[in-house]
Amino acid sequence: MKNIITIALILISISVFSQKILVLDQDTHEPIPNVSITYSSDLFLTNKEGIADLKGEPDSILVIHHTSYKRKILKYSELKQIEYVVLLEKEYLNIQPITI
């Protein structure tokens, strides 16, 4: 019985800091696939629905990045305040014309 309680407590503590987040385009609210989310030495990518399953500690700093969007830095604890939905703003590259 003691072993069952111990195992249950371990499983509960592991799942406490596991959370799915959704990454969307700020303007269109479309999901963004292949967004990299890093903290400490861990790397996660969003799937084609823009969802990533993170496991982290509340004081972790997340760096959320995609090549077509501006980088966003958040604390893991801030995800609850934004209801686990991260909006990324498009980043436009201004390229000067080239004359040959």
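Of the contacts in the protein with a separation of 6 or more, 42% join residues 24 or more positions apart, a contact being heavy atoms within 4.5 Å. The model is predicted; local features need pLDDT of at least 70 and side-chain atom pairs count only at pLDDT 80 or more, while totals for chains, interfaces and linings use all residues. Residues are numbered from 1 along each chain as its sequence is written, and side-chain values use heavy atoms, with hydrogens and water left out.

The protein has 1 helix and 7 strands, in the sequence order α-β-β-β-β-β-β-β. These elements are DSSP runs numbered from the N terminus (helices: H or I, at least four residues; strands: E, at least two).

Strand β1 (residues 18-25) pairs with β7 in the parallel sense over 4 bridges, where pairing requires at least two DSSP bridges between the strands. L88 in β7 is the bridge partner of D25. Strand β7 spans residues 85-88; V86 and L88 form its covered face, and V85 and L87 its uncovered one. In a regular strand, side chains alternate between the two faces of the sheet.

Buried residues (under 20% relative accessible area; exposed, over 50%; partly exposed in between; 1.4 Å probe, protein chains only) make up 24% of the 100 residues. The protein exposes about 7500 Å², of which carbon and sulfur atoms supply 59%; accessible areas come from the Shrake-Rupley method with a 1.4 Å probe, and for residues only the protein chains shown count as cover.

A search of the whole structure finds 1 aromatic pair. The ring centres of Y39 and F44 are 5.9 Å apart and the planes lie at 20°, so the pair is stacked (rings of Phe, Tyr and Trp, the last by its six-membered ring, pair with centres within 6.5 Å; planes under 30 degrees apart are stacked, over 60 edge-to-face, the rest tilted). Y39 is buried, with a relative accessible area of 5%.
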